[in-house]
Amino acid sequence: MSTSDSWGRFPRVEQQARALVWRSDALPRVDGPVLPHGLGRSYGDSCLNGGGTVLLTAGLDRLIDFDPATGVVRCESGVSLDTLLRLAVPRGWFLPVTPGTKFVTVGGAIANDVHGKNHHRAGTFGRHVRRFELVRSDGSRRMCSPEENADWFGATIGGLGLTGLVTWAEVQLTPIRNPFVVQETVPFENLDGFMRVSAESEADHDFTMSWVDCLARGRKLGRGLFYRGNFAPTQFDRLPLARSHLSHGSGLAVPVDLPGFCLNRLSVSAFNFLYYHRERTKPSPRLVHYDPFFYPLDSVYGWNRIYGRRGFLQFQCVVPHATARDALKELLERSARGGLPSFLSVLKTFGDLPSPGWMSFPRPGYTLALDFANRGEKTWRLVEELDRVTREAGGAVYPAKDARMSPESFAAYFPQRERFSAYIDPAFSSSFWRRVNPASLPLPSLEGRQVSIP
Amino acid sequence: MKKVIVLGATSAIAQATVRLLAARGAALYLVGRNAANLEAVARDATTRGAPKVEFRALDLNDCEAHASLVERAWQALGELDGAVLAHGVLGDQAESQRSWAATELVLRTNFLSAASLLTELANRFEAQKAGTLVVISSVAGDRGRQSNYVYGASKGALTVFLQGLRNRLAKSGVAVVTVKPGFVDTPMTAHVPKNKLFASPEQVARGLLKAADGRKNEVYVPGFWALIMLIIRSIPEPVFKRLKL
Ligand SMILES: Cc1cc2nc3c(=O)[nH]c(=O)nc-3n(C[C@H](O)[C@H](O)[C@H](O)COP(=O)(O)OP(=O)(O)OC[C@H]3O[C@@H](n4cnc5c(N)ncnc54)[C@H](O)[C@@H]3O)c2cc1C
């Protein structure tokens, strides 16, 4: 057993780890429950298995096939999106959907059915998965696609790693003619401004998302910067595609946990103020390489350490259009009032393209992501309040970024969970799953395995 | 190296090397024990850009098969200008002390089978007056230690064999590159607790190819092992034999 944590560095749990090496191997036999683990870019406890074993998929990182004519790629589940980009971009293809970091695995992208800046156009990652192999602890191997074993396909996409191990998957990429993105930045004064720009941007822009100044209050509540972009057409081509895989990044790294005093109300305000005014004045539209456009945080290695040893809590919710205005207002007001403000607050509109995944998080409406340094009780109370607001608005909270939602909230957010439960592999479980389904605890002794409490 | 045979191609260091070679557009002939795993490595190499990848499942301890293996690889790729020998076992020192069979298996896999393959390959490379032989030995071959002298002896013998071979082939323009990794984080060492001395297979693969490109003789990867082994080699035997190493 050794101590592990996730990207949010909270919670810490004691768990074993076993490395997977070959996709044709049987699942390792171990005592207690297992859980696949990709690159650990989930924030809370959904990629942790306290008291049990995680199956590290990093060794399942082989490519199987890529057809540059059709853009269909087949690879093992531990292949990172970064690897796929290195393969695809020079040949004129891009990921159909990408989260804000490229250091996630294909298996992790399926299990959380991740979304990107183009949800309104492309839906979730799961929509672009053509098929995959699912290996269960009974030794069975199933080919899953929308046609074949469609129920297993639907249960596994967004299935939080609980239905078995995805050994390989086939994904349809999207054609691009240029690795550069034409980006426009549009400032908005408040929430209504955001909704207006968002509505008018959706028709012409593949990628949209906004940064919100979560310290602005009153009439400026919800002010921020709206980013929208499209891949540049061919005539913008400044570099031949084949040489275009620039890796950006200053090589900055956060080497140690920053002490708590670096992150206080004043420094966060200063950061938000400077960011807002600096970004506002940059030329728009401008041409930016896809790497800083999609993955601004990846250039600072280990940025999650700025929150210090106690880690931080992410909170990402979606609220439906009908209740969104009031709900977002309340969420922003509460987070500006309560405790330490969020460093990076992101707003985005989700479209109505359905996911094949039963447990998929995205649904039509607006999604807001906030992060809070873990300051114990105070932070927890605040996030609990945000959760309540979300529930009352008929929204949902994203499991990939959660370390604290209650079983009741989970049940309210994921109405398909009963149907889904029948597809969980009996040998698989996670800290998250036991937390939100206390009745499902297979081993009572697993409780109390959490090393640190807030 | 444009047409390369890789022996022990499913080992972690070999896989990492295969990826780098594939990205450079080298044609590959991969040999390992497990056909399904070899196929996985071969497809990965093809997808990463290797123009031609063939593979063959074979237990390399079967030295009788080596001549025909090399012949087949030669036919498959048209000729060969590079060979990477990466197969090997760590063995279990305690088990080897109890059983000659266990000792023999380590010596056979790490030394005898390599010597046999190198004999085949060296003769062909010598005849064509070109080629690069890259062989993974180990820092463990630099000095026998109680904790793993059977493995160490197999690698030490290999290192000496390569020195002689290099001496012989120098005039034919064939490079013989001995790569001596230290601790590498691979399935072979999965049971060992990791520390700062451990290198990743990718790191070793990059060092290996750099040495091959530079037609180096003996290299330590990572380089700091040269210093560590210099110190270990210079401890006088009367002192060394009382150390717990
Ligand atoms: C900076 C940053 C930005 C992010 N931005 C976004 C975003 O914009 N949109 C978004 O949706 N998410 C976002 N995320 C979250 C991230 O995309 C997801 O948590 C993703 O699932 C992480 O993948 P991973 O490979 O790290 O998997 P892990 O976090 O290790 O695991 C995630 C889940 O996948 C399961 N899993 C992993 N491999 C397999 C497999 N082979 N078979 C079955 N199950 C498997 C695990 O059991 C676990 O349940 C972001 C995260 C970070 C750190």
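Chain A has 12 helices and 21 strands, where helices (H or I, at least four residues) and strands (E, at least two) are DSSP runs, numbered from the N terminus. This is a predicted model, so local features need pLDDT of at least 70 and side-chain atom pairs count only at pLDDT 80 or more, while totals for chains, interfaces and linings use all residues. Residues are numbered from 1 along each chain as its sequence is written, chains are lettered from A and ligands numbered from 1 in the order in which they are written, and side-chain values use heavy atoms, with hydrogens and water left out.

Chain A holds 454 residues, and 58% of them are buried. Here, buried means under 20% relative accessible area, exposed means over 50%, and partly exposed is in between (1.4 Å probe, protein chains only).

Chain B has 9 helices and 7 strands. Of its 245 residues, 51% count as buried. The C-alpha trace of chain B spans about 55 × 40 × 35 Å along its principal axes. How does that fit with a compact globule? For 245 residues such a globule would have a radius of gyration near 18 Å, and chain B, with 17 Å, agrees. The radius is taken over C-alpha atoms, and the globule rule is 2.2 Å times the number of residues to the power 0.38.

Chain B exposes about 11000 Å², and 56% of this comes from carbon and sulfur atoms. When contacts in chain B between residues at least 6 apart in sequence are counted, 72% join residues at least 24 apart. Chain B also carries 31 positive and 20 negative charges, whose mean positions lie 7 Å apart. In that count Lys and Arg are positive and Asp and Glu negative, with His and the chain ends not counted; the place of a charge is NZ of Lys, CZ of Arg, CG of Asp or CD of Glu.

Now for the inside. In soluble globular proteins, nonpolar side chains tend to be buried together. A nonpolar core is a set of buried Ala, Val, Leu, Ile, Met, Phe, Trp, Tyr and Cys residues joined through side-chain atoms within 4.5 Å. The largest nonpolar core has 96 residues, and A:F94, A:F132 and A:L328 touch the most other members. Leaving aside neighbours within four places in sequence, A:F94 is in contact with A:L85, A:V89, A:L173, A:T174, A:I176, A:F231, A:Y290, A:F294 and A:Y295. A second, separate core has 34 residues, including B:V18, B:A22, B:A40 and B:V53.

Two valines give a closer look at packing. A:V114 sits in the loop between helix 2 (106–111) and helix 3 (119–122) of chain A, and counts as buried because its relative accessibility is 9%. Its C-alpha atom is 5.5 Å from that of A:F125, 11 residues apart along the chain. Beyond four places in sequence, the contacts of A:V114 are A:V97, A:P99, A:G108, A:A109, A:T124, A:F125 and A:Y398. In chain B, B:V150 belongs to helix 6 (residues 149–169) and is buried, with a relative accessible area of 6%. B:V150 and B:Q93 are 57 residues apart along the chain, yet their C-alpha atoms are separated by 6.6 Å. Not counting residues up to four places away, B:V150 touches B:Q93, B:S96, B:T103, B:V106 and B:L107.

The peptide bond from A:F10 to A:P11 is cis, with omega near -5 degrees, and A:P11 lies in the loop between strand 1 (2–5) and strand 2 (12–19) of chain A. A:R9 is also in the loop between strand 1 and strand 2 of chain A; though not a glycine, A:R9 has a positive phi of about 60 degrees, and at 11% relative accessible area A:R9 is buried. A:N149, not a glycine either, has a positive phi of about 45 degrees. A:N149 lies in the loop between strand 9 (141–144) and helix 4 (150–156) of chain A and is partly exposed, at 29% relative accessible area. Over in chain B, the peptide bond from B:V221 to B:P222 is cis, with omega near -15 degrees, and B:P222 is in the loop between strand 7 (218–221) and helix 8 (224–234).

Note on methods. Contact means heavy atoms within 4.5 Å. Accessible areas come from the Shrake-Rupley method with a 1.4 Å probe; for residues, only the protein chains shown count as cover.
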